[in-house]
Every structure is written in C-alpha cells, then in structure tokens.
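Notebook open, model loaded. I wanted to look up a few packing details and jot them down as I went.

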Amino acid sequence: MKRTALITGATAGIGKATAVRLANEGYNLIVTGRRKERLEELQSELRTLGAEVSICSFDVRNHDQVADAITSMMHDGHKIDVLVNNAGLASGLDKLQDGDIEDWDKMIDTNVKGLLFVSRNVIPHMIENGSGHIVNIGSIAGKEVYPNGNVYCGTKHMVDALNKSMRRELAEHGIKVSAVNPGAVETEFSIVRLHGDLEKAKKVYDGFENLVAEDIADAIYFIISRPEHVNINDLIIMPKAQPAAGTVIRNKGY
Ligand code: NDP
Ligand code: 8X3
C-alpha cells in the first residue's frame, strides 16, 4: 500500500521539491501552505506523477485553522505516515536592538508555534496507528549563530530542542523523529527574509554554488526510506563553500 506524507509549506522551495520527490518515489501527498492557487497547480503536477494528492490551505500560526484542517484530513480517512514540518521563514536581518517586533512575531509564530500546532494535532493519530515518521526542518541557524541572525537562530535552536524532545517522547509509540538542518539553499527564503527585495536576495547566492531545494528533498527521502529499525536523528547539510553559519567562501569556482 502507498504511504502518505503530509508536507507543510509545499507551495515553494524545499517543501515543493520534497512533494515532487516523494510523488516520484510512490508516495501519496497532502500538501499545505497559505497560497491556495499554488497548491492547486502543485496538485495537478503531482497527479501526473501518479500520486493521490489532497491540498489543504491554512496558516500554521493559527491553531484553529491547523486543528480543523487535520481533523478534516482524518475524517477523509487519511493515515499520515510521514509528517514533514517544513513551513518556516526568516523575516528581517537586523541587529537585535533594531529588530522589528512584527518580524519577530512572524518567525516565532511560524517556526516555533506553527511547528508545535501541527505536531500537536498529528501526533495523536500517529500514536493511535503505532507508527509514523516526523521530519523537522531545522537549519544550520539552529546549530550555530551568526550576527543579525538573532531571532531566526533562536527559533531554529528551538526546533533543534523540539526535535530531540519529540524523539525521546515518541520512540515508545513506534514513531521516528528526524531533523534536516541545511545551510544556504536558494529558494524564496531570502526574498522573504529581505522583505521582497529581489536584487538583494539574488546577491546572497553570488559567487558560490548554493544548495538547491532538491538536495534537501533528496536527504528527506533518504531519511524516510531507511529500514524500519534505523533512524537518522539529525543531518547537517551545507554547500561546500559554506563551512559554517554566516561564512561563505566566494569566487573560488565552487
Ligand atoms: P520558501 O520561502 O521557498 O518556502 C517556505 C514555505 O513555507 C512556503 O511554502 C510557505 O507557504 C510556507 N509558509 C511560510 N509561512 C507559513 C505560514 N504562516 N503558514 C503556512 N505555511 C507557511 O523557503 P524554504 O523552502 O527555503 O524554507 C523551508 C524551510 O526550510 C523553512 O523552515 C526554513 O527556515 C528552512 N531552511 C531554509 C534554508 C534556506 O537557505 N533556504 C536553510 C535552512 C533551513 P505560503 O507562503 O504559501 O504559506
Ligand atoms: C537558513 C540558512 O544560513 O541563512 O536557515 O541561516 S542561514
């Protein structure tokens, strides 16, 4: 029987690439995000790959929307085998003392509370099934810090802590918990972080070979395709030219 993966933030970047990869690997998908038109386009694309695809548009920051969406998935008879907690963002790149409170709220509410809300509503069903695999998308910003990364780094450190907590709590229920922590991946991430400044966002990736969303999708598929007795706890994936958070070696031809 085909397995089903629920991916949050599948309208762009890593989430979208993961949906395409998992459809190609024989998964059925539940894809989510706020931009409904994009979900509809993705649904058509994934169906051409042979997947059964449900779309569900909600804001992970809104607990009522999250709870209603997951309840209705369950009423529709879905069994969620894999949850990819991917929806997230950075907003702003200011020093702490200059930080915009709205940016902070967005990051904390999406990256931390959104991940908690989705997990809180999906985990009981996985416990009932006695199986499941949660893949949390953290970041190198959750392992290290860099100037002007302050609140984003804080939220991703929390994802790192939650990843470990979930693994400890859920092992006795037969549920695996893993994390993927990427360095610089060129997606819509920097456009969002820089508040829509396309030119500045492009420059983030100048002079080196950044990761692409498919590199992360590849790792996610690797994690969920290990034998049942194997769990990959944690992966850090960096571009060759980014030896540490906030450090990029440019113009060396890699
Ligand atoms: P993108 O901006 O390309 O994609 C982000 C996705 O998250 C979109 O589908 C967006 O959907 C969704 N999302 C954002 N806010 C919400 C919300 N409130 N409710 C529901 N969905 C939301 O970025 P990436 O693909 O790069 O980012 C995916 C994850 O990877 C994030 O958690 C990010 O922190 C992490 N990451 C990214 C790295 C990078 O360099 N790109 C490196 C390390 C980690 P929509 O707007 O339609 O709601
Ligand atoms: C995004 C990667 O290095 O910009 O999580 O923090 S980084």
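This is a predicted model: local features need pLDDT of at least 70, side-chain atom pairs count only at pLDDT 80 or more; totals for chains, interfaces and linings use all residues.

I started with Gln242, which counts as buried because its relative accessibility is 8% (buried is under 20% relative accessible area, exposed over 50%, partly exposed in between, with a 1.4 Å probe and protein chains only). Gln242 sits in the segment after β7. What is Gln242 in contact with, leaving aside neighbours within four places in sequence? I found Ile140, Gly183, Ala184, Thr247 and Val248, contact meaning heavy atoms within 4.5 Å.

Residues are numbered from 1 along each chain as its sequence is written, chains are lettered from A and ligands numbered from 1 in the order in which they are written, and side-chain values use heavy atoms, with hydrogens and water left out.

Next, the sheet. I read an open sheet of seven strands in the order β3-β2-β1-β4-β5-β6-β7, with parallel pairing (strands pair if DSSP finds at least two bridges between them; strands are DSSP E runs of at least two residues and helices H or I runs of at least four, numbered from the N terminus). At the edges are β3 (53-57) and β7 (234-237), each pairing on one side only. Neighbouring strands are turned by 15 degrees against each other on average, direction ignored.

Then β1 (residues 4-7). Thr4 and Leu6 on one side and Ala5 and Ile7 on the other are all buried, so I noted both faces as covered. Four bridges join β1 to the parallel β2 (residues 28-33), and Thr4 stands opposite Asn28.

β4 (residues 82-85) and β5 (residues 132-137) also pair in parallel over four bridges, with Asn136 as the bridge partner of Asn85. Helix α5 (residues 150-170) packs on the sheet, touching β4, β5, β6 (175-182) and β7, and its direction makes about 160 degrees with that of β6.

Last, two helices. α3 (residues 63-75) and α4 (residues 101-129) pack at about 25 degrees, axes 9 Å apart (axes are lines fitted to C-alpha atoms, for helices over the stretch in contact, and angles run from 0 to 180 degrees between N-to-C directions). That makes α3 roughly parallel to α4, the label for angles under 35 degrees. His63, Val66, Ala67, Ile70 and Met74 in α3 meet Phe117, Val118, Asn121, Val122 and His125 in α4.

Notes:
Angles under 35 degrees count as roughly parallel, over 145 as roughly antiparallel, 65 to 115 as roughly perpendicular and the rest as oblique.
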